[in-house]
Amino acid sequence: MIESVLRPFSTLGVRFLALLEELGRAATLFAAAFRSLRNAGVWFPNLLPEMARIGVASVPIALFIATFTGIVMSLQASYTLTGAIPVYFVGTLVGKTMILELGPVLTALTLAGRVGANISAELGTMRVTEQVDALETLAYDPLAYLVVPRILAAVLMFPIVVLLAMTIGIASGWVTALQLLDMSSPEFVKGLRLFFDPWDVWFAVIKSVSFGAIVTGVGCYCGLRTEGGAEGVGRSATRTVVVASMLILCLDAFWAAVLL
Amino acid sequence: MGIHLREVRKSFGPRDVLRGFTLRVTDGETAAIVGPSGSGKSVLLKHVVGLLTPDSGSVTVDGAAVPELKGRALVRLRRRIGYVFQFAALFDSMTVAENVGMGLRRMPGWDRRRIRARTEDCLALVELAGMGDRYPAQLSGGQRKRAGLARAIAPSPRYLLYDEPTTGLDPVTTAVIDRLILRMRDELGVTGLVVTHDMTSAFRVADRITMLHEGKARFTGTPAEVRAAADPVLRGFVEGNPDLYFGAGRARSEDRAER
Amino acid sequence: MDRRREALVGFVVLLGIAVAVVGTIWLQGGWRRSMVELTAASASVGQLVPGASVRFRGVAVGRVEEVRLAPGGDAVLVDLSVDPGLALPENAAVLVAPESLFGDWQAEILNRADFPQGEFLDYPQEGVLPGTALPDFSRLTATADEIARNLTVISERFEIAFTEETALNLKNAIDNIGEISNGLNEMIAQQAERFEDLSRGVNASAEELGAAARSARISFERVDSMIAGFDVGGIMANAEASAENVRALTEDMNASLEEIRSAAATADSAFGRFNALMASAEDGDGSLGRLLGDPALADNAAEAIEQMRALLADIQENPKKYLSLSIF
């Protein structure tokens, strides 16, 4: 009787403790990764290939998404802003939302799938096939060799990808406004410039940096914690996408509260 | 100096894998640890290179306590030990040659040319000459094992740890690998520790054989002593007789339960 | 590591940075030429923000760099960067005002004389332009709203006061005024006649008195010759003086009568004009006439007047209540 009453509580307690344990492990991993920054000789040669893989290779998908986001933003803005609101506000809305929110967040969510899952699956496979152990036996620090270059590459490249995505998104919104909404370029640009603040771009850069760290960090963590063969690798990849997406949105809210 | 494990205990959650395992491998010999799958043989090997730390007991290599080593000392130790993984654990993203050269790249005094020369030597030693440009996925199981061995010996280690070197291989390839292990001992003077459940292979390569059973060293002796041993568990395992093996094991567990 | 990948990474990084930098500069409003810095002081700045445009004669000539509180907090200092080619007008001042209803505020450089109603703040520092801000649009709406409410109250009161009865009373009152003025006319005419008779009588009696005095003198001269040593001369001189006095009096009275007559005539013409006005009013000419001729409105005119008077008194007593009216 008492058992059945207590069970939900104990389940909750166990879950909570497990969560704390997980957080602790993640913190330990990242602290160790931070210490591994010293081993520049290990991670530096891997940095550029990772920048190419994580950053450059992500540009097409990010631009694709930004293009359609820009089109949709432009059309929806003109649909919403009717009546007394001047038409150039379409430019304002497209610019502001692309720079402040959709550029960084949509790109990060996409890359959580593309980059995060990729890293998780890759490191997971390396873990279950003992390649991570092999690295260690060859006297490599796996954190310096695998984790540091990936996180650094993402931290460096995410802002670049996001900046390109923002630009393309605004450009596609502009073209949409010209072609489909009968706006003129000066009108759109007027709206675009109306509330523009260079700080917005910095805000986006700061956000992208943190999103890059989150996506690759979660990917590395889940990947290195993989257990149980191919199935475990799949689980890790899924977990990475879910956790990274959630963290991205939480962090997004956090930055909005702190920096705006 | 050699490898010395004393009263090593290790558990993963509720599962006690090692329950006070003791083993000494002296320089120049090749020791084999035999036991069924899942008995903790790989766990044992990982303790020797510091991939795992024991819950209690000591692990020393060349007199240095492995669990206490950190940083450069650990790196130095690991360069003295080559580890041949069960499924070779080659890095998929690199060619075989890059895999073999991996352990050399960060060693002082090794430039690209010297690494290439050494890589070719090692590949030739494991009879994979000319395969350096292939990727692991393009190799057969036996070739992969040999590539893994080449990678382990490239930094000229004093110790080689083999994790199931012949598992999943056909008898001929098994024989090739066994011969390689012997060559390592005889030509390079490497001290070997082979973990295997393949008794044929164990008898072929080992100077001494230790039976790992229920987390402890149940029996240690030369191949001849093993063949002559009367211990039912060891005999059951060597002869592949489950009734004997499990019967004795069960009796033993019941024994303990009663006590 | 192959060169092409390195080059690609470098290219993408540079492209991203270049796009960000160029885009930011472009969105901020073009390349920053070497601008001239100006500072203006104002009591408030509404919703002026950095980046807002600076205009001169309607042309954008620069942008607002910074909006900050003056040390002490009793003014707002606005830093502007403007085209170096801009020649500031005489008595240059800065007017901060919304460019449109939608948020974009701007700073306009103008001659202070062009906007005399502005309360420009003169900041006690060399080189700081005086400035003022138009009230925020929301404040204007609030005021307009109050005015509208006051107008509603007034029109309501007017409606309550101005009924048919009011108009009727008003008409009666005007009729009464007509009657009174007629009576007054008549009275003045009568009085004038009476005055005339009186003066005529006085004149006649004075002449008679003179004749009597003359005949008396003759008879007295005869008596004098008869009675020597009798002071008849003194008596006669007295009589003559009194006759003189009477004449003077008569003349005075005549003069004053003239004045009364002309005053009466003026009053008469005034009342006549008033009567004519009333007559035309009753005919229904002009708006007032229409008002009074309409029986529906002719009620309670007196009460309306009273109400209006009360309203006026109220305004005089509580001018603040109605002060906002002066804004329109």
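This is a predicted model: local features need pLDDT of at least 70, side-chain atom pairs count only at pLDDT 80 or more; totals for chains, interfaces and linings use all residues.
**Entry 1: confidence in chain B**

I began with confidence in chain B, which is lowest in helix 10 (residues 242-258) of chain B, at a mean of 59, and highest in strand 8 (residues 191-196) of chain B, at 90. I read pLDDT as the predictor's confidence in each residue, from 0 to 100, and I took helices (H or I, at least four residues) and strands (E, at least two) as DSSP runs, numbered from the N terminus. Residues are numbered from 1 along each chain as its sequence is written, and chains are lettered from A and ligands numbered from 1 in the order in which they are written.

Chain B averages a pLDDT of 84, and 95% of its residues score at least 70. Over residues 254-259 of chain B the pLDDT stays under 50, and for this stretch I found 0 contacts beyond four places in sequence, a contact being two residues whose C-beta atoms, placed from the backbone, lie within 7 Å.

**Entry 2: fold of chain B**

I noted 10 helices and 10 strands in chain B. Of the 259 residues of chain B, 43% count as buried, that is, with 20 or more other C-beta atoms within 10 Å of their own, where 12 or fewer would be exposed and anything in between partly exposed, with C-beta atoms placed from the backbone. Among contacts in chain B between residues at least 6 apart in sequence, 63% join residues at least 24 apart.

I then followed an open sheet of 4 strands in chain B, in the order 2-1-4-5 with antiparallel pairing, two strands being paired if DSSP finds at least two bridges between them. Its edge strands, each pairing on one side only, are strand 2 (15-25) and strand 5 (64-65) of chain B. Strand 1 (residues 3-12) of chain B runs antiparallel to strand 2 of chain B and is joined to it by 8 bridges; Phe12(B) stands opposite Arg15(B) in strand 2 of chain B.

Strand 5 (residues 92-98) of chain C and strand 6 (residues 105-111) of chain C pair in the antiparallel sense over 7 bridges, and Ala93(C) stands opposite Leu110(C) in strand 6 of chain C.

**Entry 3: chain A and its partners**

I counted 19 residues of chain A in contact with 19 residues of chain C. Helix 2 of chain A gives the most to the side of chain A that touches chain C, with 5 residues. The residues of that side of chain A divide into 15 nonpolar, 2 polar and 2 charged, where Ala, Val, Leu, Ile, Met, Phe, Trp, Tyr, Cys and Pro count as nonpolar, Asp, Glu, Lys and Arg as charged, and the others, Gly among them, as polar.

Towards chain B, 10 residues of chain A are in contact with 14 residues of chain B. Helix 5 (residues 131-137) of chain A gives the most to the side of chain A that touches chain B, with 5 residues, and the residues of this side divide into 3 nonpolar, 4 polar and 3 charged.
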